[in-house]
Amino acid sequence: MGYVLLAGAIAAEVAATTAMKYSEGFSRLWPSLITVAGYVIAFALLAQTLKTVQIGTAYAIWAGTGTAVIAAIGMIFLGEGLSLAKAAGIALVIGGVVLLNIGGAH
């Protein structure tokens, strides 16, 4: 159940971060409200996740997956380019999450 909650936290964080782009510095009401609500939901779900998942593992998955998904959204939907450095950075983030999870396995 912890990982289901974590997936929800990641989805809420990604939605909030994407909405933040459209809030234009919190000058547009609805994207601003979606941003705030998304982060509240994300942290509430992350807090529930931590009841059953180790903090290092949960946070690594949450931050790493969120970063990679937001980078992909930027490239696919917001016209951000893909450079070799950006691709390497995303690969390193994903690799770091995998290594943290391998290192935390018992």
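Predicted model: local features only at pLDDT ≥ 70, side-chain atom pairs only at ≥ 80, totals over all residues.
A residue counts as buried when its relative accessible area is under 20%, as exposed when that area is over 50%, and as partly exposed in between. By this rule Tyr59, at 46% relative accessibility, is partly exposed.

**Aromatic cluster**

- A search of the whole structure finds 2 aromatic pairs, and these ring pairs link Phe43, Tyr59 and Trp62 into a cluster.
- The ring centres of Phe43 and Trp62 lie 5.3 Å apart with their planes at 65°, so this pair is edge-to-face.
- Because Phe43 belongs to helix 2 and Trp62 to helix 3, the pair ties together parts that are 19 residues apart in sequence.
- Phe43 is partly exposed at a relative accessible area of 47%, whereas Trp62, at 7%, counts as buried.
- Tyr59 and Trp62 form a tilted pair, with 5.4 Å from centre to centre and 55° between the planes; both residues lie in helix 3, 3 residues apart, which is about one turn of the helix.

**Helix 3**

- Helix 3 covers residues 55-77, and its 23 residues reach 32 Å from the first C-alpha to the last, close to the 33 Å expected at 1.5 Å a residue.
- Its buried residues include Ala58, Ile61, Trp62, Gly66 and Ile73, and just after the helix Gly79 takes a positive phi of about 75°.

**Nonpolar surface patch**

- Met20, Phe26, Val36 and Val40 form a nonpolar patch on the surface, together having about 370 Å² of accessible area.

Definitions and conventions. Residues numbered from 1 in each chain as written. Heavy atoms only, no water. Patch = residues over 30% accessible without salt bridge, like charges linked within 9 Å, V, L, I, M, F, W, Y side chains within 5 Å. Areas by Shrake-Rupley, 256 points an atom, 1.4 Å probe, with all protein chains shown as cover. Salt bridge = Lys/Arg side-chain N within 4 Å of Asp/Glu carboxyl O. Helix = DSSP H or I, 4+ residues; strand = E, 2+ residues; numbered from the N terminus. Expected span 1.5 Å × (residues − 1). Buried < 20%, exposed > 50% of the residue type's maximum accessible area, 1.4 Å probe, protein only. Phe/Tyr/Trp six-rings, centres within 6.5 Å; stacked < 30°, edge-to-face > 60°.
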